[in-house]
Amino acid sequence: MPRKTLFPVMRWAVPSFVIPDTVAGNVRFLRDRVPEVALCFFETGGCLAYTDADLPAIGETADLRFHVHLPTDLAWESGEDPGQAAAAAFRNAFSVFSLAAYLKPRLAILHPPAADGVRASDLLAAFLENWQSVSDVPLCLENTPESPLTDLDQKLFGPGGYRLCLDAGHLMGYHQEKLLDLPILQSTSIIHWSAPCGGDRHHPLTELTQTERETAREILRRTSEECTQLIEVFSWQGIEASLPVLRALWEDVHGTAV
């Protein structure tokens with residue numbers, strides 16, 4: 001009689017750009033290879049110019065899950081009033097997000113504005129209010145090179161607020177380890193993995209240093225096993241090289257099914 005496993009399953013995902021092709025072409029390539037795809041809608045104008053040929057048809061998605069990374073070029077400083085500026089950023093972000101509504105994305109990831117903590121917090125609070133007025137899809141804030149999230153109003157996070165997208169590459173590459181000691185870590189829903197290689201290079205996990213591997217284990221120890229682990233490497237060869245490394249790190253922390 002097979003022994004019942006007591007160990008959790010690693011939930012993982014990859015970006016929608018791992019081969020030189022459209023989003024649709026990447027999804028066709030990935031649909032029998034991965035469980036979840038992060039739709040990388042990084043550029044507002046480019047995404048809004050997509051046609052049906054650029055995006056996957058329902059019949060091409062098989063059993064894939066999806067989430068969306070919102071544009072990183074949102075115009076957060078379109079006015080002095082935080083409410084007006086956030087509303088403008090929201091309109092563009094939600095227009096892009098709506099392109100994927102038919103795929104039922106389960107969360108969306110947002111880069112915070114590059115502004116001082118008080119201004120950024122005001123903008124993000126207003127953005128969240130706009131978002132929640134039209135959508136119940138959870139929003140995750142990502143720590144970026146410009147914003148480690150540590151100077152934001154921590155009340156933005158938690159039940160009814162933002163979730164955390166913890167970018168491990170940014171944390172290690174820009175010395176944002178303070179995040180690991182903040183209560184917002186408990187709101188982590190997704191973790192981005194790549195080897196920083198001295199910055200933000202998104203190299204395969206085979207290039208992690210020994211110190212970075214121990215930091216990676218510590219991240220896994222301090223976050224929920226329910227988190228999705230996104231290998232944020234933009235080539236299929238890099239994904240294939242990284243997955244065994246990520247699995248080994250996961251098993252070091254959570255154990256191996258027997």
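T144 lies in the loop between β5 (139–142) and β6 (163–167), where helices (H or I, at least four residues) and strands (E, at least two) are DSSP runs numbered from the N terminus. T144 counts as buried, at 2% relative accessibility; buried means under 20% relative accessible area, exposed over 50%, and partly exposed in between, with a 1.4 Å probe and protein chains only. Leaving aside neighbours within four places in sequence, T144 is in contact with H111, P112, H170 and Q176, contact meaning heavy atoms within 4.5 Å.

This is a predicted model, in which local features need pLDDT of at least 70, side-chain atom pairs count only at pLDDT 80 or more, and totals for chains, interfaces and linings use all residues. Residues are numbered from 1 along each chain as its sequence is written, and side-chain values use heavy atoms, with hydrogens and water left out.

**Loop residues with positive phi**

- L149 also lies in the loop between β5 and β6.
- Although L149 is not a glycine, its phi is positive, at about 75 degrees.
- The relative accessible area of L149 is 0%, and this residue is buried.
- C197 is found in the loop between β7 (188–193) and α6 (210–222).
- C197 is not a glycine either, yet it has a positive phi of about 50 degrees.
- With 26% relative accessibility, C197 counts as partly exposed.

- Strand β2 (residues 36–40) has five of its five residues buried, so it is largely enclosed by the rest of the structure.
- In a regular strand the side chains alternate between the two faces of the sheet.
- From β2, E36, A38 and C40 point one way, whereas V37 and L39 point the other way, and all are buried.
- Strand β1 (residues 11–15) runs parallel to β2, and two bridges join them; two strands pair if DSSP finds at least two bridges between them.
- V14 stands opposite V37 of β2.

**Strands β4 and β5**

- Three bridges pair β4 with β5 in the parallel sense.
- A108 has L139 in β5 as its bridge partner.
- L139 and L141 point one way from β5, C140 and E142 point the other way, and all are buried.

- β6 and β7 run parallel and are joined by four bridges.
- C165 stands opposite I190 in β7.
- β7 also pairs with strand β8 (residues 228–231), in the parallel sense and over four bridges.
- The bridge partner of W193 in β8 is I231.

**Residues separated in space**

- A101 is placed in the loop between α3 (82–98) and β4 (108–110).
- A101 counts as partly exposed, at 42% relative accessibility.
- Between A101 and E146 there are 45 residues of sequence separation and, C-alpha to C-alpha, 29 Å in space.
- Q237 has its place in helix α7 (residues 236–254).
- Q237 counts as exposed, at 67% relative accessibility.
- Q237 and V134 are 103 residues apart along the chain, and their C-alpha atoms are separated by 39 Å.

**The chain as a whole**

- The protein chain contains seven helices and eight strands.
- The radius of gyration of the protein chain is 18 Å, close to the 18 Å that the globule rule gives for 258 residues, so the chain is as compact as a globular protein of that length.
- That radius is taken over C-alpha atoms, and the globule rule is 2.2 Å times the number of residues to the power 0.38.
- The C-alpha trace spans about 60 × 45 × 35 Å along its principal axes.
- Of the 258 residues in the protein chain, 54% are buried.
- Among contacts in the protein chain with a separation of 6 or more, 76% are between residues 24 or more positions apart.
- The accessible surface of the protein chain comes to about 11,900 Å², and 52% of it belongs to carbon and sulfur atoms; accessible areas come from the Shrake-Rupley method with a 1.4 Å probe, and for residues only the protein chains shown count as cover.
- The 20 positive and 34 negative charges of the protein chain have mean positions 8 Å apart.
- Lys and Arg count as positive and Asp and Glu as negative, while His and the chain ends are not counted; the place of a charge is taken as NZ of Lys, CZ of Arg, CG of Asp or CD of Glu.
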